[in-house]
Amino acid sequence: MPDDDHSPISVSDAKRLFADWKGAPAIVLAVSGGPDSVALMWLAARWRRALAHGPRLFAVTVDHGLRAEAAREAREVKRLARTLDLPHRTLRWRDAKPKTGLPAAAREARYRLLARAAQRSGATHILTAHTRDDQAETLLMRMLRGSGIAGLSAMARLSERDGVLLARPFLNVSKSRLIATLKQAKIDFADDPTNRDVSFTRPRLRTLMPLLAAEGGDARNLARLASRLGRANAALEILVDGAERYLALRGGKASHSPINASGFDANVFAAMPEEIRVRLLLRAINRVGHEGPAELGKVEALLQALDREITEKKTAGQKARLKQTLAGALVSLIDGRIHIEPAPTRRRRNSAHFGGDPDST
């Protein structure tokens, strides 16, 4: 595809962008009414019309109930969908709105509603219109939160959510190209003022982008960094797979996972690189815990506590012992073995707190 940030997306460009989903039975298009998602709907409809056999397309708009204009914008999307011969449905987020963390809650609600729509329509994929600009902003947001390598990989082109595949065909496409596409086709789109509301983090970072671009940190380079970190993260995950199998084999177990009642050898674990050990703990805690995903910073603090206990007791000629709960998992070090199992349900929140930067990894 041409490396021009301002040229409209051609028919051949769109064919390449959507090629991976030619064989899907049905696809949900997430269309808010803004330029990116309207371009997604228009380009996907044009691509589908050129196929002799292809997926059924469904346009879905989520009205979060946060702006009076949202209902009108949803109706405009419906009108455009009708001209493109696409079925359209508007879903509304009717839950109580939180006083803090509203963008994250709205995003979670949006994906939940989209996944439900996909399941009901027999769609295997949800396509969203996240662009290279969005990818760069996501990288910056996670960098400022102190995310690990997995978090700094930002958004994946393809991921799974609630049994449906979430796909982002425009991650390497600039927003300006999508706007140019709509202007050439003479298609209107909505302008969401919350995208400029600096009371939210993402719009504040957006105002910094021209300054970063002047220093070489433009969206293209930031998205390239996210892609490279994603590649590194994938390689690390393969190494963690191998480490899990090795711990299991050293424990005399046929299973690929060392996480069961007998635990795994603390000394063998301690000899592994720190990043591998953090990921092993994170996997194991998330596998058996019942309080949601563990925060990376807290897992790092737990690893430090384990290392400190092993080192100090070994120096003193004593047996290392430790017992802590994290994210609904009980982690214990007993008789040279580390055990990770579901923690008893707590009646009140009085467990030890591990400090650290919040992160989804």
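Arg-94 is exposed, with a relative accessible area of 68%; exposed here is over 50%, buried under 20%, and partly exposed in between, with a 1.4 Å probe and protein chains only. This is a predicted model, so local features need pLDDT of at least 70 and side-chain atom pairs pLDDT 80 or more, while totals for chains, interfaces and linings use all residues. Residues are numbered from 1 along each chain as its sequence is written, and side-chain values use heavy atoms, with hydrogens and water left out.

Arg-94 sits in the loop between strand S3 (88–92) and helix H4 (102–121). Helices (H or I, at least four residues) and strands (E, at least two) are DSSP runs, numbered from the N terminus. Together with Arg-72, Arg-75 and Arg-92, Arg-94 forms a positive surface patch. Patch residues have over 30% relative accessible area and no salt bridge, with like charges joined within 9 Å. A salt bridge is a side-chain nitrogen of Lys or Arg within 4 Å of a carboxyl oxygen of Asp or Glu.

Now Arg-283. Arg-283 belongs to helix H11 (residues 274–288) and is buried, at a relative accessible area of 19%. Leaving aside residues up to four places away in sequence, Arg-283 touches Glu-237, Val-240, Asp-241 and Glu-244. Contact means heavy atoms within 4.5 Å.

Finally, the whole protein. The secondary structure comes to twelve helices and ten strands. Of the 361 residues, 46% count as buried. The C-alpha trace spans about 80 × 45 × 45 Å along its principal axes. Among contacts between residues at least 6 apart in sequence, 70% join residues at least 24 apart.

Terms used. Patch = residues over 30% accessible without salt bridge, like charges linked within 9 Å, V, L, I, M, F, W, Y side chains within 5 Å. Areas by Shrake-Rupley, 256 points an atom, 1.4 Å probe, with all protein chains shown as cover. Lys, Arg positive; Asp, Glu negative; His and termini not counted. Charge placed at Lys NZ, Arg CZ, Asp CG, Glu CD.
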